[in-house]
Amino acid sequence: MDAQLVQTLIVGGALSGAALYLGRRALLALGVVKQKGAGGCAGGCGCSSRH
Amino acid sequence: MAEMEAEIIGTQVPAQKVVAGPDLLRVALIGNPNTGKSTLFNALTGMRQRVGNYSGVTVERVEGSYCDAPGSVATVIDLPGTYSLSASSPDEEVALAVLLGREEGVPAPDVVVIVVDAQNLERNLFLASQVLELGLPTVVALNQVDAAEAAGIRVDAVELTLQLGAPVVPTVATRGEGLGVLKSAVRRAPALPRPGRKLTLPADAERALAPVEARLTEAGLSPSAAAMEALRLMAVPRVEGHLAGIPGLQAAVDAARESLEGAGIHSRALEAEARYGWIAEVVDAAATRVGEGGKTLTDRIDAVVLHRGVGPLLFLVLMALVFQSIFTWAEPVMDLVEGGFAWLGAAVGALLPEGDLRSLLVDGVIAGVGSVLVFLPQITILFLFLGFLEDTGYMARAAFIMDRFMRGVGLHGRSFIPLLSAYACAVPAVMAARTIESRKDRFATIMVVPLMSCSARIPVYTLLIGSFVPPVVVGGIFDLQGVTLLAMYLLGTVTALGVAAIFKSTLLRGQVRPMIMELPPYRLPRLRVLLLTVWQRARMFLRRAGTVILAISIVLWALATYPKSTIPAGTPEEVAQEAQLEGSLLGRLGHTIEPVVRPLGYDWKIGVSILSSFAAREVFVSTMGTIYGVGSDADEQSTALRDRLRAERDPRSGRLVYSPLIALGLMVFYVYALMCASTVAVVQRETGGGREGLGWAAFQFGYMLALAYGAAFLVYRVGLALGFGG
């Protein structure tokens, strides 16, 4: 596999991962999906629960 | 129930054979915990005691007896120590049932002795006021008068007798002082006029409670006991315990609550407000603080810290020093972290061939996440100071000082805790508002909590202050950077109080309720606990940088990199990079929203940074890091974001993009704007959820955005008019 293709795959993977992560966070914040053991916290910057 | 025995001066007599008569009194002893009640009980009864349990519960039942004259015997029942008769715990339930004669196997007392700690009159009189209302013959044992005198508290027993409507006997149970007089008062009490309700309720409340009192009277309670119980029932969730079987009582209580709420009276707080209002008057009339003798170190410190004039001033100076130290102490560490990221960027850049992967790592991840992480020292220092102040006991005093201002704007004193927590983060602060019972007070607090500057704003404030506010000394000891940061915190706090005042006089109009709080003694903080708190905060910040900020940085890098523009060969590198950025998705988006931010003096890059930070405020900084990372000259000497901002020029006009005025406007924008998806989500849930919650969350987001835009516009335009444009 040539180096250019590897770079493209890594960048594409990172971008997809980031987009999926942010999408999931948005759904969690909107309450569309629930996180296991979330304890009712929206996951703000000061929340000390371990999720 | 264990079989009880009453012991009469050495001769044991089985309890069931003792019949109350003219010479035999049944005395119930009641009081708050730690008032010396048990010591008094021991002093009265000596060794003549028996211990058992009340039927069906594991509450200890202690009885004894004493003889105050030949043939004149009193049996004493020592009721569990309790702060009130709210019947919210088995102890309180038993105490109330015994006093009302509704406890199985325990005859109603002939006389009640309330043990009141003279050192803590306010707190002790809550229970006393409830007991007095039962209308039983009552004597008040004013205990620990010696300790009160030593602490400079003098209680006038005669005045207190007049105020309470029951004889007050000063005692020192540990030394047996006043016991003779107390016994004599107990013997005479049944012949005295019965005590009753001294406090007055609003007419609406009297009307609402009347049907409940009627039910209770029908069930066999005396009118005075029924009045006390009716008021008490407004504060308890359900009719339970000794009143559970009374037909129609729960319905009457529900109807009374509705009626009270309809009249604008918070039913659950009615009793506490009425009693503490009355207690304040009683204490004012009967107790005085004398001299300085006996004052503790805490008292002496509080004399200064809680002083009406000096207290708030001291609070401000202390906060100014905290904010100043954020800059002076953090600067060297911040430079180190900044240097570390610059080195990392250069090292990764040298390792990888030119291309998108190198750009993603250097300009996206390292520039984006690194630009936020450099603020870790500031956040650590802030929480170190706040934790120190909290652990010493000062923060409770700050709550006390602030309560005056809170009440001034119509907020409940309990709102201070959520507002204070909001300096760390609005999410737990909004949740902390659950402790505020009144819906209107709770909603008013939630609506203003995000105006308090949270830790996510620190990177924004410190980036802009560090870049555009000179570190000059003001007022001899403070520097302008610290003062500016303090000003941002104050602006948010003052605005929160102002907005709360508006809400409380319009949308969420309601009564102001007093706050009762106990101030802990000052103490030296434990280093381990303090460091643990700081570490928890730092870890949260790091985790956020490694997750949300990282993900947003990657997405923003992609938006700033694609699509690739075709740049004619020979174009100078700086111009080519700018053209690439402008032609990217981020650039196009930025130019689309530019007309909206232009009136505030911002270019499209600032506009995009604001837009991206709607998810989380610190993303503003990481977006700046990414934009200026992507758009940077590879040979540029300084990689620090602050240096890049200071040097940034408009490619068309050649003028500097940033000025102190722009920075100030931006900071004011961030003081007010609700740019935190987590806060919006938690507000939606805490204001009722569903459509109602969504409505409140949308309203909050909208009013704060309008406030932010309006204030930033005003700062920029007024600044320009005053000639601060450059």
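**Notes on chain B of a predicted model**

1. Let's begin with the overall picture. Of the 726 residues of chain B, 53% count as buried, where buried means under 20% relative accessible area, exposed means over 50%, and partly exposed is in between (1.4 Å probe, protein chains only). Chain B has 29 helices and 13 strands; helices (H or I, at least four residues) and strands (E, at least two) are DSSP runs, numbered from the N terminus. Among contacts in chain B with a separation of 6 or more, 73% come from residues 24 or more positions apart; a contact means heavy atoms within 4.5 Å.

2. Now some housekeeping. This is a predicted model, in which local features need pLDDT of at least 70, side-chain atom pairs count only at pLDDT 80 or more, and totals for chains, interfaces and linings use all residues. Residues are numbered from 1 along each chain as its sequence is written, chains are lettered from A and ligands numbered from 1 in the order in which they are written, and side-chain values use heavy atoms, with hydrogens and water left out.

3. How confident is the predictor in chain B? The average pLDDT (the predictor's confidence in each residue, from 0 to 100) is 82 for chain B, and 89% of the residues score at least 70. Over residues 51-59 of chain B, though, the pLDDT is below 50, and this stretch has 31 contacts in the model beyond near neighbours in sequence. Residues 633-638 of chain B also have a pLDDT below 50, with seven contacts of that kind. For the model, ipTM is 0.79 and pTM is 0.57.

4. Next, have a look at helix α1 of chain B, residues 37-45. Its buried residues include B:K37, B:L40, B:F41, B:L44 and B:T45. Viewed down the axis of α1(B), the buried residues fall within an arc of 115°, so they line one face of the helix; the arc is that of the directions from the helix axis to the C-beta atoms. Here's the handy rule behind such patterns: an α-helix has 3.6 residues a turn, so residues three or four places apart point the same way. After α1(B) comes B:G46, with a positive phi near 60°.

5. Which residues of helix α5 of chain B (residues 157-164) are buried? They are B:A157, B:L160 and B:L164. These cover an arc of only 60° around the axis, which puts them on the same side of α5(B). On the other side of α5(B) you'll find B:V158 and B:L162, which are exposed. The buried residues of α5(B) pack against α3 (121-133), β8 (138-143), β9 (153-155), β10 (168-170) and α10 (267-286) of chain B.

6. At its start, a side-chain oxygen of B:D156 reaches to within 3.1 Å of the backbone nitrogen of B:V158. Following α5(B) is B:G165, whose phi is positive, near 75°.

7. On to the rings. A search of the whole structure finds 14 aromatic pairs over all chains; rings of Phe, Tyr and Trp (its six-membered ring) pair if their centres lie within 6.5 Å, with planes under 30 degrees apart counting as stacked, over 60 as edge-to-face and the rest as tilted. One of them is B:F443 with B:W696, an edge-to-face pair at 5.2 Å centre to centre and 85° between the planes. This pair links distant parts of the chain, with B:F443 in helix α18 (residues 439-448) and B:W696 in helix α29 (residues 690-721), 253 residues apart. Both B:F443 and B:W696 are buried.

8. Another pair, B:F468 and B:Y658, is stacked, at 5.6 Å centre to centre with 20° between the planes. B:F468 lies in helix α19 (residues 458-468) of chain B and B:Y658 in the loop between α26 (641-647) and α27 (660-672), so the pair ties together parts that are 190 residues apart in sequence. Both of these residues, B:F468 and B:Y658, are buried.

9. Last stop: two loop residues. B:G71 sits in the loop between β5 (60-69) and β6 (72-78) of chain B, and is exposed at a relative accessible area of 53%. Is B:T82 buried or exposed? At 3% relative accessibility, B:T82 counts as buried, and its place is the loop between β6 and α2 (90-99) of chain B. Leaving aside neighbours within four places in sequence, B:T82 is in contact with residues including B:I30, B:P33 and B:L127.

Note on methods
A polar contact is a pair of N or O atoms within 3.5 Å; within protein, one must be able to donate a hydrogen and the other to accept it, and residues adjacent in sequence count only if both atoms are side-chain atoms.
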